[in-house]
Amino acid sequence: MRIVLTQIETTYDLELLEQQFYTELGIAIRSYRRSKNLSQDYMAKKLNISQTAYSKMEAGKSGFSAFRLRHIFKILGIDPRIIIAPILEG
């Protein structure tokens, strides 16, 4: 029984870490987007998604696919390591 609880606890911890990562990533992307005076609507159109879907990504309520994330960094003109490395180190 203890093994099952440990597995459940580990899964729960990983889910929390994943949610925290997406939240921090969204906050960082929002900051860079705003610094470039770009709207969520502009980003959404460039990504071919709705503004609502983009907003959810920035809010950490939805994950980023690797393809979409790569495109976001390209639109913002930033090196992904600038955003991702501090999150992973923190």
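Helix 2 (residues 40-47) and helix 4 (residues 66-76) pack with their axes 10 Å apart and at an angle of about 125°. Axes here are lines fitted to C-alpha atoms, for helices over the stretch in contact, and angles run from 0 to 180 degrees between N-to-C directions. The model is a predicted one, in which local features need pLDDT of at least 70 and side-chain atom pairs count only at pLDDT 80 or more, while totals for chains, interfaces and linings use all residues. Residues are numbered from 1 along each chain as its sequence is written, and side-chain values use heavy atoms, with hydrogens and water left out.

**The chain as a whole**

- The chain contains five helices and zero strands; helices (H or I, at least four residues) and strands (E, at least two) are DSSP runs, numbered from the N terminus.
- Read from the N terminus on, the order of elements is α-α-α-α-α.
- The chain has 90 residues, of which 27% count as buried; buried means under 20% relative accessible area, exposed means over 50%, and partly exposed lies in between (1.4 Å probe, protein chains only).
- Of the contacts between residues at least 6 apart in sequence, 61% join residues at least 24 apart; contact means heavy atoms within 4.5 Å.

**Helix 2 against helix 4**

- Two packed helices are described by the angle between their axes and the distance between the axes.
- Helix 2 and helix 4 are oblique to each other; angles under 35 degrees count as roughly parallel, over 145 as roughly antiparallel, 65 to 115 as roughly perpendicular, and the rest as oblique.
- The crossing of helix 2 past helix 4 is right-handed; a crossing is right-handed if the near helix is turned clockwise from the far one by less than a right angle, and left-handed if anticlockwise.
- Helix 2 contributes Y42, M43, K46 and L47 to the contact, and helix 4 contributes R68, H71, I72, I75 and L76.
- Sorted by class, this contact of helix 2 with helix 4 has six nonpolar, two charged and one polar residue; Ala, Val, Leu, Ile, Met, Phe, Trp, Tyr, Cys and Pro count as nonpolar, Asp, Glu, Lys and Arg as charged, and the others, Gly among them, as polar.

**Helix 2 against helix 3**

- The axes of helix 2 and helix 3 are 8 Å apart, and the two helices pack at an angle of about 105°.
- Helix 2 is therefore roughly perpendicular to helix 3.
- From helix 2, Q40, D41, M43, A44 and L47 meet Q51, Y54, S55, M57 and E58 of helix 3.
- The classes in the contact of helix 2 with helix 3 are five nonpolar, three polar and two charged residues.
- S55 belongs to helix 3 and counts as partly exposed, at 26% relative accessibility.
- S55 and M43 are twelve residues apart along the chain, and their C-alpha atoms are separated by 9.7 Å.

**Two buried residues**

- E58 is part of helix 3 (residues 51-58) and counts as buried, with 1% relative accessibility.
- Apart from its neighbours within four places in sequence, E58 is in contact with G26, I27, I29, R30, R33, Q40 and F64.
- F73 is located in helix 4 and counts as buried, with 5% relative accessibility.
- Apart from its neighbours within four places in sequence, F73 is in contact with I78, P80, I83 and I84.
- F73 and I29 stand 44 residues apart in sequence, and 8.5 Å separates them in space, C-alpha to C-alpha.

- Q19 lies in helix 1 and, at 39% relative accessibility, counts as partly exposed.
- Q19 and G60 are 41 residues apart along the chain, with 6.9 Å between their C-alpha atoms.

**Loop residues with positive phi**

- Most residues other than glycine have a negative phi.
- N37 sits in the loop between helix 1 (2-35) and helix 2, and its phi is near 55°, a positive value in a residue other than glycine.
- N37 is exposed, its relative accessible area being 71%.
- N48 is placed in the loop between helix 2 and helix 3, and its phi, near 60°, is also positive in a residue other than glycine.
- N48 counts as exposed, at 71% relative accessibility.
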